Amino acid sequence: MTTLRESPLPAAPASAPVPASTPDANAAELSVWPTSTTRLAHGDLAVGGVPLADVAERFGTPTYLIDEDDVRSRCRTYRQAFPDAEVLYAAKAFLCRAMAHWMDEEGLGLDVCSAGELELAVTTGFPADRIVLHGNAKSPHDLRAALRLGVGRIVIDSASEIARLAAAVPPGSRQKVLVRVVPGIAAGGHAKIRTGTDDQKFGLSLADGSAQHAVARILGQPTLELVGLHCHLGSQITTEKPFLAAVRRMVGLLARIEDQHGVTLPELDLGGGHGIAYRPGEEALDITALARRVRAELTASCAAAGLPVPRLIVEPGRAIAGPAGVALYRVLAVKRTGGKTFVAVDGGMSDNPRPALYGVRYVPRLVGRRSSAEPAPATVVGRHCEAGDILASDVPLPGDVRPGDLLAVPVAGAYHLSMASGYNMVGRPPVVAVTDGHARLLVRRESLEDFRSRDVGL
């Protein structure tokens, strides 16, 4: 691994980009890369004006790279698409101090699901009243931290949580809460990330009356202030229809609450789950179209129910962080056996478990050198002691790929570091931000000393 240099990496020379002789093909190939990505003449790519080979040389591999300007641009897209709504960044996708700072500067709130995420954000200077805490099994520590730091809202996910939270609120105070409702809508890119139906662990069911019962109980708690309803249908949703169905069902519950309790709730949180493309040609959710249709559906449904339109809340995470990230790996071995080519890299399921968990398909690319070899199918595998440690199956790579080559994987900004593990004590990769031709370290590489320092017994 190369020693870190203090000076910023230079921007790619003005003469470096390849002439756009086939702009349509180039655009299609780079469609899932950060928006600042450019081709360089020697076969490399630059992101944020920084050549990827230079990032790998300076910071070593594996390394996560994130394009700060791309992140900020996606935040602004949401703010423009939902001008009257509250946009909360779902911190579980990827959180570090810099990310919290960017969200604050761009006017987004935060959606967190643990005391760890909450305290990192607040100690960075993020306003606690713009943070929402949720989770299906909040610990006493989570709730105490939320109350101590003064979070804006807590999402109640189960009946047992009502009494525990009410009892923990300091005397003379009231905590704003939302109720997470299961609307009975199946949506999401994989069975393990569909959360809007009754056959999973989240929320309170609309169908069996659990949500209505929880609302009644909360309204009877003097230390809790019910301000709205929350739902989250799942992840990687690429069509607007499930969100529109959720609006109708949630407005129906808002109407029943007003009829039964005489209470008009002012907020409706539709969660996130906005799908992105991981490979060229894949479908992604159109955020502008989603916002337009959701606003129209919400207005019409409330008018039909005789309700004022509640303040809308949305919680994008992956859609902001995912496309802005790139993972860099060094090839360690190439093995041709059983009619297949295996390209082994210095990372794997410890820094990206998503292919093993959800079957997600990525498109790695050779960077740092130009190859004239014809592409051939290859399976990119990790270094871990698991047959399922596969990063990408049957993807086209140059036929002369060899040890020492650098591979780059786009759409690596979400659920990589946040889901990374200590498997085989390899150590989690660093996170490097790029912008305007400069690269800076945001999160350092996990070291052997980190493992040693936690191991206190003998």
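1. In this predicted model, helices α6 and α7 are oblique to each other: α6 (residues 140–149) and α7 (residues 159–168) pack at an angle of about 45°, and their axes lie 10 Å apart. The crossing of α6 and α7 is right-handed.

2. On the side of α6 the contact is made by Pro140, Leu143 and Leu147, and on the side of α7 by Arg164, Leu165 and Ala168. Sorted by class, the contact of α6 with α7 holds 5 nonpolar residues, no polar ones and 1 charged residue.

3. As for aromatic rings, the count comes to 2 pairs. In one of them, tyrosine 78 and phenylalanine 82 have ring centres 6.3 Å apart and planes at 10°, so the pair is stacked, given that planes under 30 degrees apart fall in that class. Tyrosine 78 and phenylalanine 82 are both buried.

4. Tyrosine 278 and tyrosine 362 also form an aromatic pair, here edge-to-face, with 5.5 Å from centre to centre and 85° between the planes. This pair links distant parts of the chain, 84 residues apart: tyrosine 278 sits in the loop between β12 (267–269) and α10 (287–305), whereas tyrosine 362 sits in the loop between α12 (354–358) and β16 (365–367).

5. Are tyrosine 278 and tyrosine 362 buried or exposed? Tyrosine 278 has a relative accessible area of 4% and is therefore buried, and tyrosine 362, at 1% relative accessibility, counts as buried as well, because the cut-off for that class is under 20%.

Conventions. Residues numbered from 1 in each chain as written. Predicted model: local features only at pLDDT ≥ 70, side-chain atom pairs only at ≥ 80, totals over all residues. Heavy atoms only, no water. Axes fitted to C-alpha atoms, helices over the stretch in contact; angles between N-to-C directions. Helix = DSSP H or I, 4+ residues; strand = E, 2+ residues; numbered from the N terminus. Parallel < 35°, antiparallel > 145°, perpendicular 65-115°, else oblique. Left-handed = near helix turned anticlockwise from the far one by under 90°. Contact = heavy atoms within 4.5 Å. Nonpolar A, V, L, I, M, F, W, Y, C, P; charged D, E, K, R; others polar. Phe/Tyr/Trp six-rings, centres within 6.5 Å; stacked < 30°, edge-to-face > 60°. Buried < 20%, exposed > 50% of the residue type's maximum accessible area, 1.4 Å probe, protein only.
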